[in-house]
Every structure is written in structure tokens, then in C-alpha cells.
Amino acid sequence: MDKRIYLCLAHMSGEEQKYIQEAFDTNWVVPLGPNVNAFEQDLENFVGEDKKVVALSAGTAAVHLALVACGVQAGDEVICQSFTFCASCHPIMYLGAVPILVDSESDTWNMDPELLENAIQDRMARTGKKPKAIVVVYLYGMPAKIDEIMAVANKYDIPVVEDAAEGLGSRYNGRICGTFGKYGVLSFNGNKMITTSGGGALICGDQEDKQNIMFYATQAREGYPYYQHEKVGYNYRMSNICAGIGRGQMTVLEEHIRHHQRLAALYEELFDDVPGIVFHRNPSACYDSNYWLNTITLSPDLHVAGEEKAYMTVVKGAVGGAAGVTHTVENVHTDCEPNRNVEAMRVVLDAMGIESRPLWKPMHKQPVYRNVPAYVNGVSESLFKVGLCLPSGPWVTEKDVHMIVKEILKNIK
Ligand SMILES: *Cc1c(COP(=O)(O)O)cnc(C)c1O
């Protein structure tokens with residue numbers, strides 16, 4: 001193999017350099033500045049619906065500030081989709097609040113609206129209080145059943161935070177994901193639809209909301225000649241350098257989305273008549289996923305080369321190209337893990353220079369959330385056991401997809 005094919009990597013447009021240089025030339029290297037304002041304007045134009053956008057240091061920071069702005073305090077309950085990346089849920093813990101985990105439906109893999117209503121009613125019956133917010137996620141870019149979720153949320157008058165970190169540019173009934181609820185979260189991490197080398201944004205309803213988020217993102221300072229604090233603030237604003245990268249990336253966003261979608265159409269076609277493999281696609285014409293990551297599920301009775309040896313060796317580092325430090329583990333097994341054939345497929349693809357990764361492990365199966373209330377139907381747990389994310393994004397070519405699928409088929413016994 002002459003190159004390694006990664007799950008999803010950022011791709012520069014070439015325009016980034018210009019905006020970064022401008023920041024240096026004008027000595028605007030601090031947070032706030034012309035690139036931040038212009039990047040926010042670009043994002044506002046893109047999401048439409050008269051929304052306002054605040055650029056922040058990370059998508060995780062955007063989730064955190066959305067919850068702060070919803071008035072979440074220690075001891076409050078916040079409903080969160082269980083089937084997600086940890087950053088949808090961890091900020092609930094930062095605030096000392098209690099996550100209430102809700103499982104997914106099998107069409108979109110996102111929050112099940114019926115289970116959401118059951119959870120709200122049960123929490124009200126048990127605690128006498130309503131949950132303070134609902135965090136719904138667009139997993140792998142797939143729109144959720146957001147009309148139904150909004151109907152439930154509106155019925156109980158609970159604000160919705162849409163975690164569209166993976167769903168930049170996805171649409172539901174033609175409307176951009178992240179613009180349905182009170183707040184919408186975006187991420188510009190290096191592996192998302194576009195990057196600022198690390199960053200995020202919060203979509204807000206109006207200028208007043210935006211001002212409030214910016215207040216909390218810049219240490220919550222009162223208007224005195226000295227630093228006067230009446231609230232606890234955060235240092236979460238995006239820097240002018242990062243925003244310069246973001247401006248360059250905005251010039252290729254539409255093109256990137258179309259590329260992800262083209263790859264999806266090709267994966268779908270190539271897996272179409274393969275028994276035991278199902279490509280996760282838009283369930284109907286209402287859904288228009290950006291296909292941030294293309295995903296498949298492998299039937300448990302599909303046999304994969306080397307599956308008898310799956311889980312024999314401890315994984316070193318993080319699977320899926322993530323940076324950072326991982327703890328070394330003693331035991332290769334946990335009480336909830338992908339099936340052997342899925343792990344075997346990951347290993348054979350990895351040996352061929354093709355990066356793949358299991359689906360997110362649901363939060364209600366994570367030891368760190370062992371003791372929080374969960375409303376489950378088995379959907380996310382069973383998907384986790386059979387699912388695999390495949391290379392997607394601007395660096396992956398259609399030729400690569402043909403090769404990846406060929407490699408997958410070759411290893412089915
Ligand atoms: C990436 C991601 C985030 C967090 O974004 P960062 O910019 O990495 O902090 C939040 N939620 C989901 C679902 C994500 O995939």
C-alpha cells in the first residue's frame with residue numbers, strides 16, 4: 001500500500017494562509033479580531049434561518065456554554081442521547097448536573113422521540129422537576145427525527161441543544177441541522193467536516209443570545225474599569241489565527257460535503273448486493289446526511305478472516321487516529337464490545353493501511369456513566385456490536401472506496 005487511508009482528515013483549501021498572514025500583518029493574533037468576526041459571518045450565511053453564530057475554542061466548549069446558557073446548575077438533570085461521542089455528555093458532568101441517557105431509534109441511530117417522552121415523564125414523576133435541557137446528536141452526520149423531538153421538547157417546554165458537531169451541512173427537510181433547537185453545536189476539530197486546527201461554534205437564536213454566549217466565553221466580565229465578576233466565566237473564545245483557517249475552509253465546505261456524499265453513494269452502491277453488510281443511509285427523502293463518516297453494519301453470522309484471533313492483542317494508542325494519551329489496559333475485553341468479526345475486519349483493514357473504527361460506544365455502557373439513569377431499548381448497544389466506520393472525506397478518492405470495499409469482500413469467508 002503506497003498511502004495510508006485515514007477515517008477522516010482535514011484538507012486545506014490553500015486560502016487559509018492568506019487570512020493567517022493578514023492576522024500577523026495587522027497584529028491581530030489574539031482572540032477577537034477581524035477573522036473571528038468574518039468567520040462567524042460566513043457561518044451565519046451558511047446556516048441561514050437568521051441565526052447568529054459564536055466561534056469558540058472547541059465543540060466541547062460549545063456544548064458546555066449551551067448548557068450554561070440553558071441555566072443548567074449542579075444537581076439539575078439534562079437529557080442526552082446515549083449513542084454519541086463523549087463530548088455531548090461530559091459537559092453535563094462539568095456542571096455537576098446529572099445526565100439522563102436516552103437510547104436511539106434504528107432508522108437514524110439518533111434519539112428515539114418516544115423514549116424521550118417516556119424519559120421526561122418518568123423524571124417528572126420521580127423528581128417532581130423537568131430536565132433542564134435535551135442534547136440531541138446528529139451521529140455521523142445523519143439528521144435525527146428532529147421534528148418529532150422538537151414536538152416533544154416544545155410540549156414540555158424544555159430547550160434543545162443540537163449537537164451537530166458531526167453534522168455540519170446536513171439537512172432535515174431542507175433545513176440545516178443545528179438551527180432547529182435553542183442552540184446548535186459545531187466542531188472544527190481536525191477530523192470533522194472542516195477544521196480550524198481545533199475549534200467549535202455555537203449557533204444561537206438572536207443577537208442577545210450571542211452576546212450572552214460571548215460574555216461567558218470571555219470570562220464573564222462586568223462593565224467596570226477593573227475586573228468585576230458576578231458570574232463564573234470561561235476562556236472559550238476562538239483565536240483570530242484559528243478563525244483565519246476557518247475562513248479558508250469555508251471556501252471548500254460545500255465541495256467537501258458533496259465529496260462525502262459522493263463517497264457515500266458509491267459505498268452504498270458497492271455494498272448493495274452484499275449479504276450480511278448493510279450501509280447506513282438516509283432513511284427517506286426528508287434526510288440529507290453530510291455522511292461525515294460512512295458506516296456499515298456486519299451481520300453476526302458473517303465470517304471474517306482471523307476472527308478466531310480477534311481481541312488476542314491489546315491495542316496500543318487510540319484507534320481511529322485520535323491524538324492524546326490512552327491508558328494501557330490489562331484486559332483486552334470489556335463487558336460490551338464489538339463482535340469478533342467486526343474487530344477482525346478492523347484488524348485486516350488496518351494491516352492493509354486502511355483505517356476503520358467501531359461505532360461510538362453508548363454512554364450508558366461506559367463505566368464512567370454506570371450510575372446515571374438511562375432509558376434504553378437495546379438499539380445503540382446492538383448497533384455498537386455490529387458497526388464499523390469507514391474512510392470518508394476529502395482525502396479519500398472514489399478509487400480508494402473501490403479498493404476498500406474489495407478488501408472488505410476479500411476477507412469475508
Ligand atoms: C467532535 C464532537 C464533539 C466535540 O467537538 P470538539 O471540537 O472535538 O471539542 C462533540 N460532539 C460530537 C458528537 C462530536 O463528534
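## Helix 5 and its surroundings

The buried residues of helix 5 pack against strand 2 (77–81), strand 3 (98–102), strand 4 (133–137), helix 6 (146–155) and strand 14 (374–375). Helices (H or I, at least four residues) and strands (E, at least two) are DSSP runs, numbered from the N terminus; contact means heavy atoms within 4.5 Å. The model is predicted: local features need pLDDT of at least 70, side-chain atom pairs count only at pLDDT 80 or more, and totals for chains, interfaces and linings use all residues. Residues are numbered from 1 along each chain as its sequence is written, and side-chain values use heavy atoms, with hydrogens and water left out.

In helix 5, the buried residues are Pro113, Leu115, Leu116, Glu117, Ala119, Ile120 and Arg123. Buried means under 20% relative accessible area, exposed over 50%, and partly exposed in between (1.4 Å probe, protein chains only). An α-helix has 3.6 residues a turn, so residues three or four places apart point the same way. At the N-terminal end, Asp112 caps helix 5, with a side-chain oxygen 2.9 Å from the backbone nitrogen of Glu114. Just after helix 5, Gly128 has a positive phi of about 75°.

## The annotated lysine

An unreviewed UniProt entry places the feature "modified residue: N6-(pyridoxal phosphate)lysine" at Lys192. UniProt positions are given in the numbering used here, feature names are shortened, and annotations may be inferred rather than shown by experiment. Lys192 lies in the loop between strand 8 (183–187) and strand 9 (200–204).

Lys192 counts as buried because its relative accessibility is 9%. Leaving aside neighbours within four places in sequence, Lys192 is in contact with Cys8, Ala165, Glu166, Ser187 and Trp292. Lys192 has no salt bridge, and the nearest side chain of opposite charge, Glu166, is 5.1 Å away. For charge, Lys and Arg count as positive and Asp and Glu as negative; His and the chain ends are not counted.

## Salt bridges

A salt bridge is a side-chain nitrogen of Lys or Arg within 4 Å of a carboxyl oxygen of Asp or Glu. By this rule the count comes to 23 salt bridges. One of them joins the side chains of Arg4 and Asp350 (2.7 Å, N to O). Arg4 lies in the segment before helix 1 (16–25) and Asp350 in helix 10 (residues 340–351), so this pair ties together parts that are 346 residues apart in sequence. Arg4 is partly exposed, with a relative accessible area of 31%, and Asp350 is also partly exposed, at 35%.

Asp76 forms a salt bridge with Lys129, the closest N and O atoms being 3.9 Å apart. Asp76 lies in the loop between helix 3 (59–69) and strand 2, and Lys129 in the loop between helix 5 and strand 4, so the pair ties together parts that are 53 residues apart in sequence. Asp76 is buried, with a relative accessible area of 10%, whereas Lys129 is partly exposed at 47%.

## A loop glutamine

Gln366 is placed in the loop between strand 13 (357–358) and strand 14. With a relative accessible area of 22%, Gln366 is partly exposed. The side chain of Gln366 reaches the backbone oxygen of Lys361 at 3.1 Å.

Conventions. Polar contact = N/O pair within 3.5 Å; in protein donor to acceptor, adjacent residues only side chain to side chain.
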